[in-house]
Amino acid sequence: MAFDHDRVAQLFEKLDRQATKLSVKPQPKNIHQFRTAARRVETVLGELIPDQDRKGRKLLKLVSRLRRRAGRVRDLDVQIAALRNLKVSEQPGLKTQILQALSEKRARREKRFLDMVDKATVRQLRRRLKRAQERFPDPAPDPSAVAQSMLAGFANHNGAITEKLLHSYRVQGKKIRYIAELVPDDARAQRMVEQLKRMQDALGEWHDWLTLNSTVAKLIPDGTNSPLRSAVSNIMRAKYRDAVQAVNFAKTQLLKKPTEPAQMASNGRRSVGTVEAARAVA
């Protein structure tokens, strides 16, 4: 299958635009969009060109560092939104205190991130992106084959699903999906994208509530009778069950042969529906 260089060029150009926006007029939504664009470029470079030269490694290091800092801000945005929408009638003052603490922490993280994204850093990033785009290999590796190879180790793991493994699925699933999205006209690749997106939604919900639960636990001492802490913990456990179910369902679908129909099982529908409803609230 011919490699679509235009799609890769669009990814580079989007990251360029998002970096420029942050350096000129930073907005909360731009931080999230920058993080997503950075992860896509990082994945494409890392997976399609694994043997990077010195300049390529410098670009990857810069993109990764900025993406992680943006992610720390985004994590708090999600926690704040989830906590605001959580209905707990008891101890309203405690919820307000935690929201205040999260908002202050977010402000500090945003400042550190924006201090990193100064005009000099943005110029360096744009220059390196342009050079990497111009030097992108032609012919390039087949993204469909790369995605299938990545999927083999991902979907064939038969061990017990643990919290650590869910984290691995969350990160690796995104990478496979981003590579598969480079071949939009391939039915098998698009089926892969759809299944991974559903799984990512569930894993993302679980990770967000896991992080919020950890934050709340630090602010509310053990042994404290707190309906708020109990509510967050209960939701986190429910999200964990949804995530495990979504992973098992996705693996079943992804391991099917191309000739087999990818039918949605009823439990798969319930899991996806639960996740989408929760994401709409959060």
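This briefing describes salt bridges in the structure above. The model is predicted, so local features need pLDDT of at least 70 and side-chain atom pairs count only at pLDDT 80 or more, while totals for chains, interfaces and linings use all residues. Residues are numbered from 1 along each chain as its sequence is written, and side-chain values use heavy atoms, with hydrogens and water left out. A search of the whole structure finds 12 salt bridges, each being a side-chain nitrogen of Lys or Arg within 4 Å of a carboxyl oxygen of Asp or Glu.

**Around glutamate 181**

- Arginine 40 forms a salt bridge with glutamate 181, and their closest N and O atoms are 2.5 Å apart.
- Because arginine 40 lies in helix α2 (residues 28-48) and glutamate 181 in the loop between α7 (163-180) and α8 (187-219), this pair ties together parts that are 141 residues apart in sequence; helices here are DSSP runs of H or I with at least four residues, numbered from the N terminus.
- Glutamate 181 also meets arginine 177 in a salt bridge, at 3.0 Å from N to O.
- Glutamate 181 is buried, with a relative accessible area of 19%, and arginine 177 is buried as well, at 11%, where buried means under 20% relative accessible area, exposed over 50% and partly exposed in between (1.4 Å probe, protein chains only).

**Within helix α8**

- Lysine 197 forms a salt bridge with aspartate 201, the closest N and O atoms being 3.0 Å apart.
- Lysine 197 and aspartate 201 are four residues apart in helix α8, so about one helical turn separates them.
- Lysine 197 is partly exposed, with a relative accessible area of 34%, whereas aspartate 201 is buried, at 14%.

Conventions: Helix = DSSP H or I, 4+ residues; strand = E, 2+ residues; numbered from the N terminus.
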